[in-house]
Amino acid sequence: FTFEKLTQILDANRNHLSYVLNEHRQVNFSQYRAALRIHYMTHLMNSDPRYLKYTIEALAKMSGMKSRQQFNKFFKQFNKITPSQFIEQKNKDLLQS
């Protein structure tokens with residue numbers, strides 16, 4: 001989704017919405033959208049082990065990211081580990097339980 005689409009959905013003024021994101025979340029729209037996408041994919045991988053079998057490319061595409069590299073960058077930024085490390089750790093945890 002785009003910033004313009006979000007302003008339409010929320011029936012919000014473009015400048016006001018930008019101010020709210022910047023002032024209260026300390027992010028711009030692109031950063032906010034990336035955070036939502038990564039948090040959603042992290043939730044899916046935490047709640048359904050089937051997602052741990054997907055390739056990083058598939059997870060990136062499902063999240064709406066443009067590339068594996070972009071997905072890796074934002075995933076690590078928000079989760080402090082790479083998607084591959086996350087999947088490896090989750091798989092180890094599943095084997096131990």
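Which residues form one aromatic cluster?

A: Phe71, Phe75 and Phe86 form one aromatic cluster. This is a predicted model, in which local features need pLDDT of at least 70 and side-chain atom pairs count only at pLDDT 80 or more, while totals for chains, interfaces and linings use all residues. Residues are numbered from 1 along each chain as its sequence is written, and side-chain values use heavy atoms, with hydrogens and water left out.

A pair of aromatic rings is described by the distance of the centres and the angle of the planes. Rings of Phe, Tyr and Trp (its six-membered ring) pair if their centres lie within 6.5 Å; planes under 30 degrees apart count as stacked, over 60 as edge-to-face and the rest as tilted. The structure holds five aromatic pairs. One of them joins Phe3 and Phe29, whose ring centres are 5.3 Å apart with planes at 70°, so this pair is edge-to-face. It links distant parts of the chain, since Phe3 is in helix α1 (residues 3-10) and Phe29 is in helix α3, 26 residues apart. Helices are DSSP runs (H or I, at least four residues), numbered from the N terminus.

Phe75 lies in helix α5 and Phe86 in helix α6, so the pair ties together parts that are eleven residues apart in sequence. Both Phe75 and Phe86 are buried, a term that means under 20% relative accessible area (1.4 Å probe, protein chains only).

Conventions
Helix = DSSP H or I, 4+ residues; strand = E, 2+ residues; numbered from the N terminus. Buried < 20%, exposed > 50% of the residue type's maximum accessible area, 1.4 Å probe, protein only.
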